[in-house]
Amino acid sequence: MLVLTITLTALLFSFTATTAEVPPFDSWPSRRIKLPEVFIHLKHHGAGPPLVLLHGQPQHSLTWHTIAPILARDYTVIVPDGRGAGASRIPNPEKYTAEALAKDVDGILTALNISGKAFIVGHDLGSKAAAAYAHLHPEKVARLVVSEFALPGFGFEDIMVPDAHGSLNSNWHLSLFTVPDAAMALVEGRKRKLLQWYFWHAAYSGLAVSFEHLERYVYEYTKPGYLRSAIGWYSSVLEDAVFFKRVFDGSKIEAPVLYLGGEASFPGELAKSCWERVAKSVTAVTIPECGHWIGDENLEFVANQIGEFFRGS
């Protein structure tokens with residue numbers, strides 16, 4: 001049975017959300033939380049069991065602008081901007097490892113006075129934070145959804161290694177971004193071009209993200225230091241591989257795991273074996289007519305898969 005305790009401090013979340021009453025994501029209340037290393041910004045809405053949505057890169061909480069309102073019909077949905085992304089601050093010291101991101105998740109839930117088990121969803125590099133949190137706090141995770149990602153040490157390296165068929169459609173950036181100085185030298189001043197490439201790269205059809213949202217992402221990464229922060233999320237995968245190989249040597253994630261992958265990107269049939277190496281129970285689903293950008297491509301299918309999986313707990 002899911003056990004949830006929400007104290008009076010968290011009652012700001014406790015109002016009934018019906019289908020008609022869930023407002024657009026941009027109008028959701030915000031909260032600014034001070035953690036030991038960083039100020040974290042988040043948006044929240046809904047009532048019911050807590051559900052945390054973790055974005056990847058080069059995105060921030062806007063990733064979930066379509067899916068979060070659907071899930072807020074049944075859950076208290078908490079959508080943070082990860083450290084060094086969106087409206088959150090750059091941490092001091094700068095550290096973007098899976099373990100550091102997972103500690104932020106725990107700090108957020110602690111600050112909101114939410115105890116018991118939560119549902120966690122990670123997309124892209126947010127999946128490394130989700131997996132690390134599930135390892136560090138197995139008693140706090142009811143079920144886990146990961147998407148469009150394989151953990152460093154357990155399949156990520158296969159995706160980042162260049163091959164003879166490499167092109168602009170390949171994942172060349174995964175190798176480049178492990179050398180932050182080289183990456184900054186090549187992409188500084190080209191943020192819009194880089195993000196335009198991101199959002200058609202691995203999309204199912206054309207530019208997956210709207211022009212309006214493209215401009216919002218461009219704005220976020222023109223802020224001083226934020227592009228380098230995004231690159232830091234990638235360069236940390238080398239340290240993450242050491243962490244995950246150590247913690248999953250002889251142990252696995254206890255919570256049931258759902259993997260979601262777009263058919264034009266990293267589909268379930270390819271990713272399942274990667275996640276079975278680190279989790280006891282894995283269900284893998286391929287999202288039809290979808291690429292990497294699950295918040296903007298076939299979003300109803302994605303939201304329904306998440307909801308059905310969580311209701312099975």
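At what angle do helix α6 and helix α9 pack? Before I answer, a word on the model. This is a predicted model, in which local features need pLDDT of at least 70 and side-chain atom pairs count only at pLDDT 80 or more, while totals for chains, interfaces and linings use all residues. Residues are numbered from 1 along each chain as its sequence is written, and side-chain values use heavy atoms, with hydrogens and water left out.

Now to the helices. Helices are DSSP runs of H or I with at least four residues, strands are runs of E with at least two, and both are numbered from the N terminus. Helix α6 (residues 180-187) and helix α9 (residues 226-235) pack at about 140°, and their axes lie 10 Å apart. The axes are lines fitted to C-alpha atoms, for helices over the stretch in contact, and the angles run from 0 to 180 degrees between N-to-C directions. The angle therefore makes α6 oblique to α9; under 35 degrees would count as roughly parallel, over 145 as roughly antiparallel, and 65 to 115 as roughly perpendicular, with the rest oblique.

I turn next to salt bridges. A salt bridge is a side-chain nitrogen of Lys or Arg within 4 Å of a carboxyl oxygen of Asp or Glu, and by this rule the count comes to 12. One of them joins the side chains of Arg216 and Asp26, at 3.0 Å from N to O. Arg216 belongs to helix α8 (residues 211-220) and Asp26 to the loop between β1 (4-6) and β2 (30-34), so this pair ties together parts 190 residues apart in sequence.

How accessible are these two residues? Arg216 is partly exposed at 28% relative accessibility, and Asp26 is also partly exposed, at 48%. Here, buried means under 20% relative accessible area, exposed means over 50%, and partly exposed lies in between, with a 1.4 Å probe and protein chains only.

Helix α8 also holds Glu215, which is paired with Arg192 of helix α7 (residues 191-200), 23 residues away. Lys223 is partly exposed at 21%, whereas Glu220 is buried at 14%.

Finally, consider His44. Is this residue buried or exposed? His44 is buried, with a relative accessible area of 4%, and it lies in strand β3 (residues 39-45).
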